[in-house]
Amino acid sequence: MSLTPVNPDRVITVALIGGGTVGTQVARLLTETAADLRARVGAPLQLTGIAVRDLGKPRPGIDPALLTDDSMALARSGADIVVEVMGGVEDARALILAAMEAGSSVVTANKALLAADGATLYAAAARHGVDLYFEASVAGAIPLIRPLRESLAGDRVTKVLGIVNGTTNYMLTKMDEQDADYAAVFAEAEALGYLEADPTLDVDGHDAAAKAAILAELAFHSRVTLDDVYCEGISKVTLDDVHAAQKMGFVIKLLAVAELSADGSGIIVRVHPAMIPRDHPLASVRLAFNAVFVEAEAAGEMMFYGRGAGGAPTASAVLGDLVAAARNRVTGSVGPGESTYSGLPVLPVGEALTRYYVNLDVADRPGVLASIAAAFADNGVSIQVVRQDGHGDEAGLIVRTHRATDDALRRTVDTLRELDTVKRVVGVMRVEGEVGE
Ligand code: NAP
Ligand code: HSE
């Protein structure tokens, strides 16, 4: 039984900008599931065109009559919904703004544009009374944007902690499970086609940072852009770090963290490798999967898990948005707009309260431990655990701290580097997700 009466006279037109990895799958699902979509929306969805760059490229399963290389004409065509799965910032923004000006609602997967200039898109959507949906922009198939934007709209989110880049999670999983070094896992990710065309977007954390900005803005109802996000990638993660983590019962993940500051006066948004306990729910997120852990005052802890990339998984999220935007067209309503009423400032990462692991190559002689303990104490950082590895020339110390500001921890590491009892600072990494945080 169809709950929504279908109006055969109302057709929802859809223009697709981009016919690549995601766009091809959106077009396929629109065709293959047309009957279901019609019943769910209450009107049929009709694909009116697909804009691509190269009309000569073979595109199996795509009706050639739908293809155009005039993306601006398609954006301005006045379709009910324009789906932007082309990518990039400048051209995509121009196309989305033109589409909204023509009265079209927009569904986009474009994290780079949203993180750079979401405010302009929201403002245009409000001005023209159209929808802006972007579920696919963060964590692919995983429903995360709608839960933050709608389901948790009655709660107060305090922290978002997630693995939002599948490629780096794949690489770190391989380092951990197969004892492969960074160069080897990079080559493997490249061979599998996981890396972005510009691999630094993955390995230097910029892709995760864009997603962190989008999540933080929604979670804390405050404007956050890519430039606000502190960002460190995984290229300096060594097998020494991986082994040290293993010895302590931890695993290394590239985390995106958005949280309220201790006094609630601002938010801190950061992307960096971190050690998390092996019994933390995020530790079991392996290979290219994504997961986001959300803490909210009333709801408590929640975890969202699934495929963060790939044509079909990402298209699933796009189709969900398409149905939402199409239903709004049928009923003459619009979905949620921008919510930045809190206006919380984004604070420097130095104010984040975190824990560190510090791996030191030290001289093995009396007084070494005292000098190292003093370096921590002088900077106001309390030591949680010290573990000694080896003797003589092989002497090493692994120190884990209690929570302190990131600034204090950095100062401590600077002090340690100056000590003549410390031969080398082998590794430094933040520790997240321990009980009591
Ligand atoms: P893609 O495979 O590179 O496809 C991009 C498509 O856009 C291609 O069809 C390309 O045409 C077309 N295009 C590029 N510039 C154009 C222009 N100026 N005018 C008209 N068409 C143009 O990219 P994708 O992987 O599908 O990603 C699309 C978007 O989804 C991006 O914003 C990406 O960040 C986001 N996303 C992707 C994934 C994923 O797993 N792939 C996951 C989440 C989000 P040609 O085919 O002729 O080259
Ligand atoms: N490069 C991204 C990743 C693609 O590895 O997660 C999905 O956004």
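Residues are numbered from 1 along each chain as its sequence is written, and chains are lettered from A and ligands numbered from 1 in the order in which they are written. Because the model is predicted, local features need pLDDT of at least 70, side-chain atom pairs count only at pLDDT 80 or more, and totals for chains, interfaces and linings use all residues, while side-chain values use heavy atoms, with hydrogens and water left out.

**Ligand 1**

Select ligand 1 and the residues around it (those with a heavy atom within 4 Å). This shell holds 22 residues, of which Gly19, Asp54, Lys57, Arg59 and Gly310 are the closest. By class, eight are nonpolar, nine polar and five charged. In this scheme Ala, Val, Leu, Ile, Met, Phe, Trp, Tyr, Cys and Pro count as nonpolar, Asp, Glu, Lys and Arg as charged, and the others, Gly among them, as polar.

Next, display the polar contacts (pairs of N or O atoms within 3.5 Å; within protein, one must be able to donate a hydrogen and the other to accept it, and residues adjacent in sequence count only if both atoms are side-chain atoms). The side chain of Lys57 places a polar atom 2.8 Å from a ligand 1 oxygen, and an N or O atom in the side chain of Arg59 is 2.8 Å from an oxygen of ligand 1. At Val22 a polar backbone atom is 2.9 Å from a ligand 1 oxygen. Of the 900 Å² of accessible area that ligand 1 has on its own, the protein covers 80% (Shrake-Rupley method, 1.4 Å probe; for residues, only the protein chains shown count as cover).

**Ligand 2**

A polar backbone atom of Gly166 is 2.8 Å from a ligand 2 oxygen, and the side chain of Lys211 has an N or O atom 2.8 Å from an oxygen of ligand 2. For Asn165, the distance from a polar side-chain atom to a ligand 2 oxygen is 3.5 Å. The protein covers 87% of the 260 Å² of accessible area that ligand 2 has on its own.

Select Thr314 in helix α12 (residues 311–331). Thr314 counts as buried because its relative accessibility is 7% (buried is under 20%, exposed over 50%, partly exposed in between; 1.4 Å probe, protein chains only). A polar side-chain atom of Thr314 lies 2.7 Å from the backbone oxygen of Gly310.

Then select Gly49 in strand β2 (residues 45–51).

Finally, select Lys159 in strand β7 (residues 157–163). Lys159 is buried, with a relative accessible area of 11%, and its side chain makes a polar contact of 3.2 Å with that of Glu432.

**The annotated domain**

Highlight residues 357–433, which an unreviewed UniProt entry annotates as "domain: ACT". Over this range the chain is 31% helix and 40% strand, with the end C-alpha atoms 13 Å apart.

Technical notes:
UniProt positions renumbered as here; feature names shortened; annotations may be inferred. Helix = DSSP H or I, 4+ residues; strand = E, 2+ residues; numbered from the N terminus.
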